[in-house]
Amino acid sequence: MNPQSAIRNSQYRGRLAPSPTGLLHLGHGRTFWVAQERARANGGTLILRNEDIDSTRFKLEFVPQMIEDLRWFGLEWQEGPDCGGALGPYSQSERRPFYAAALEKLSERGFIYPCTCSRQDIRDAASAPNAGDDEGPIYPGTCRPKEGVKSQVSSVVQSANLTSHDTLHVTRGTRVNWRFRVPDGETVSFVDGNFGVQQFVAGKDFGDFVVWRGDNVPAYQLACVVDDAAMQITEVVRGADLLLSTARQILLYRALGLTPPAFYHCALMLGEKGKRLAKRHDVLSLRTLRQLGETPESLRRF
Ligand SMILES: [Zn+2]
């Protein structure tokens, strides 16, 4: 931990934001442990946010398991879906109105446009390389309107209250992703509490990204920004796989007129052959390690 980057402020608010799409693994546990240590060092509050917005991926039975695993590992939070708090609800599946309001704001301000490209279309059209993370190929701009052309999402959002699966489809049967137009060529920089100055160029390191998916699910980038702002998070501690997403999210904060929190990214734990751990690496799930007789104290030593 770098003490110089710690926020000396009794109002420090950090968060743990696991998604119940599988068993938590040791990498998550260690990142969350750092988040807790930083909150404690600053006399702050830790919030548990259940990132269950993507109902196509998460499983309900993972939620109690997730909470049990976090507790076993020694994590304690003061606000969360299990204990409440002033800035809830703390499960993303109960927060759709917040995301819809942000989407509407982005639309009114001309930051987003509808995109009907399939993944295959993008792969076929993309001449640019992949972004350096999980977002796939850099969007080639096929559906991007000319500068200043606003797309009217607001009436669509309002009329259907975002409940129907057809809500954001331009015509029935056509899936529309809403994309955020990034300012091409602009360098997005931030000082990471762990890695120092980070710089990414919009349009080169990452392209126009989805904020609302064609299956009517708010995308990670939007939900994360909306929640971190609404829950008054002052420092986001998470894995280094999200460094590029931080650059995207800083653009979203700006577009929404919000102040970004501080960021502290943790080095990723690597598995065999230097590959990133994924939730399918059950051997390193906290649950398996516990069953094998490991103690949280030994697992937190790194
Ligand atoms: Zn498109």
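The following legends describe several close-up views of a predicted model.

The model is predicted, so local features are described only where pLDDT is at least 70 and side-chain atom pairs count only at pLDDT 80 or more, whereas totals for chains, interfaces and linings use all residues. Residues are numbered from 1 along each chain as its sequence is written, and side-chain values use heavy atoms, with hydrogens and water left out.

**View 1. An open sheet is formed by three strands in the order S3-S4-S7, with antiparallel pairing.** Helices (H or I, at least four residues) and strands (E, at least two) are DSSP runs numbered from the N terminus, and two strands pair if DSSP finds at least two bridges between them. Strand S3 (112–115) and strand S7 (209–212) are the edge strands, each of which pairs on one side only. Neighbouring strands of this sheet are turned by 45° against each other on average, direction ignored, where axes are lines fitted to C-alpha atoms, for helices over the stretch in contact, and angles run from 0 to 180 degrees between N-to-C directions. Helix H3 (residues 96–108) packs on the sheet and touches S3, S4 and S7, and its direction makes about 125° with that of S7; contact here means heavy atoms within 4.5 Å.

**View 2. Strand S4 (residues 177–180) pairs with S7 in the antiparallel sense over three bridges.** Within this pairing, Arg179 has Val210 in S7 as its bridge partner, and Trp178 stands opposite Trp212 in S7. S3 and S4 also run antiparallel and are joined by four bridges, with Ile112 standing opposite Phe180 in S4. In a regular strand the side chains alternate between the two faces of the sheet. Both faces of S4 are covered, since Asn177 and Arg179 on one side and Trp178 and Phe180 on the other are all buried; buried means under 20% relative accessible area, exposed over 50%, and partly exposed in between (1.4 Å probe, protein chains only).

**View 3. A zinc ion has Cys115 (SG), Cys117 (SG), Tyr139 (OH) and Cys143 (SG) as its protein donors, lying 2.0 to 2.3 Å from it.** Donors are N, O and S atoms within 2.8 Å of the metal (3.2 Å for Na, K and Ca), and water is not among the atoms, so sites may look incomplete. The four donor atoms subtend angles of 100 to 121° around the zinc ion, and therefore the arrangement is tetrahedral. Four donors count as tetrahedral if all angles lie between 85 and 135 degrees, four count as square planar and six as octahedral if opposite donors are over 155 degrees apart and all others between 65 and 115, and anything else is irregular. In sequence, the spacing of the donor residues is C-x1-C-x21-Y-x3-C. Distant parts of the chain are linked by the pair of Cys115 in strand S3 and Cys143 in the loop between helix H4 (119–125) and helix H5 (154–160), which are 28 residues apart. Cys115 counts as buried because its relative accessibility is 0%.

**View 4. S8, helix H7 (residues 243–255) and S9 make a right-handed β-α-β unit.** A crossover is right-handed if, with the strands pointing away from the viewer, the path from the first strand over the helix to the second runs clockwise. S8 and strand S9 (residues 262–266) run parallel and are joined by five bridges, and the bridge partner of Arg238 in S9 is His265. Strand S8 (residues 235–239) is largely enclosed by the rest of the structure, because five of its five residues are buried.

**View 5. Glu79 lies in the loop between helix H2 (62–73) and H3.** With a relative accessible area of 11%, Glu79 is buried. Not counting residues up to four places away in sequence, Glu79 touches several residues, among them Arg13, Thr45, Gly84 and Tyr90. Pro89 also has its place in the loop between H2 and H3, and a cis peptide bond with omega of about 0° joins Gly88 and Pro89.

**View 6. Asn216 has a phi near 65°, a positive value in a residue other than glycine.** Asn216 is placed in the loop between S7 and helix H6 (220–230), and is buried with a relative accessible area of 5%. Gln232, found in the loop between H6 and S8, has a positive phi of about 55° although it is not a glycine. Most residues other than glycine have a negative phi, and most peptide bonds are trans.
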